[in-house]
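Here is a friendly note to keep beside you as you look at this structure for the first time. The points can be followed in order, with the picture open.

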Amino acid sequence: MTDTYDYPAEIERDEDGRHVVTFPDFGWGATEGATRDEALSEARDLLRELITATMREGSDLPRPSRPTKRRPLVVPPLPIALKAALYEAFRAAGLSQRGLARDLEVAESEVRRMLDPDHATKAATIDRALRRLGKRVSVSVGKAA
């Protein structure tokens with residue numbers, strides 16, 4: 001299980017001079033922008049979609065590779081990072097949704113919604129579930145890119 005969901009992005013210029021962003025760790029998907037900043041802003045949305053699609057498929061999220069000067073880190077939106085953390089912790093625990101629901105004393109449908117990357121879930125609810133799975137959430141704030 002990874003402890004971060006920040007992934008390095010590869011940025012290249014296409015033949016029209018646009019900045020094209022990909023995430024090598026995922027191996028698919030691309031976005032672009034007229035400027036580097038615009039492309040990186042779009043990359044955040046792409047990263048959300050890559051994480052969401054991986055979760056929907058029931059696949060393992062890739063471990064983020066190391067960033068470099070040419071491969072800056074892209075930070076996903078906080079809600080999807082929290083969902084990804086819960087998804088990975090749940091899978092690692094080997095529990096069923098029913099088992100986690102029993103442990104949390106909630107309906108199984110609530111656990112399904114917590115694990116659904118498209119369903120809004122309060123951060124406190126995800127934090128509670130992660131603690132039950134032996135994990136904790138830690139937030140760090142850094143300088144904006």
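Predicted model: local features only at pLDDT ≥ 70, side-chain atom pairs only at ≥ 80, totals over all residues.

1. Let us begin with the whole chain. The protein chain has 5 helices and 5 strands, and along the sequence they come in the pattern β-β-β-β-α-β-α-α-α-α. Its C-alpha atoms fill a box of roughly 55 × 30 × 25 Å along the principal axes. Of its 145 residues, 36% count as buried.

2. The chain carries 24 positive and 24 negative charges, whose mean positions lie 7 Å apart. If you take contacts between residues at least 6 apart in sequence, 59% of them join residues at least 24 apart.

3. Now please turn to the sheet. Three strands make up an open sheet in the order E2-E3-E4, with antiparallel pairing. Strand E2 (10-13) and strand E4 (30-33) are its edges, each pairing on one side only. On average, neighbouring strands here are turned by 25° against each other, direction ignored.

4. Next comes the hairpin. E2 and E3 form it with 5 residues between them, and in the turn glycine 17 has a positive phi of about 85°. The two strands pair in the antiparallel sense over 4 bridges. As one example to look up, glutamate 12 has valine 20 in E3 as its bridge partner.

5. What joins strand E3 to E4? The link consists of 4 bridges, between strand E3 (residues 19-22) and E4, and these strands run antiparallel. Histidine 19 has glycine 33 in E4 as its bridge partner, while valine 21 stands opposite threonine 31 in E4.

6. Stay with E4 for a moment and follow its side chains, which alternate along the strand.

7. Is threonine 54 buried or exposed? The cut-off for buried is under 20% relative accessible area; threonine 54 has 6% relative accessibility, so it counts as buried. Leaving aside neighbours within four places in sequence, threonine 54 is in contact with Phe26, Ser59, Asp60, Leu61 and Tyr87.

8. Finally, take a look at helix H3 (residues 97-104), where Gly99, Leu100, Ala101 and Leu104 are buried. The buried residues of H3 pack against helix H2 (78-93), helix H4 (108-115) and helix H5 (123-132). Just after H3, glutamate 105 takes a positive phi of about 60°.

Definitions and conventions. Residues numbered from 1 in each chain as written. Heavy atoms only, no water. Pairing = 2+ DSSP bridges. Axes fitted to C-alpha atoms, helices over the stretch in contact; angles between N-to-C directions. Buried < 20%, exposed > 50% of the residue type's maximum accessible area, 1.4 Å probe, protein only. Contact = heavy atoms within 4.5 Å. Lys, Arg positive; Asp, Glu negative; His and termini not counted. Charge placed at Lys NZ, Arg CZ, Asp CG, Glu CD.
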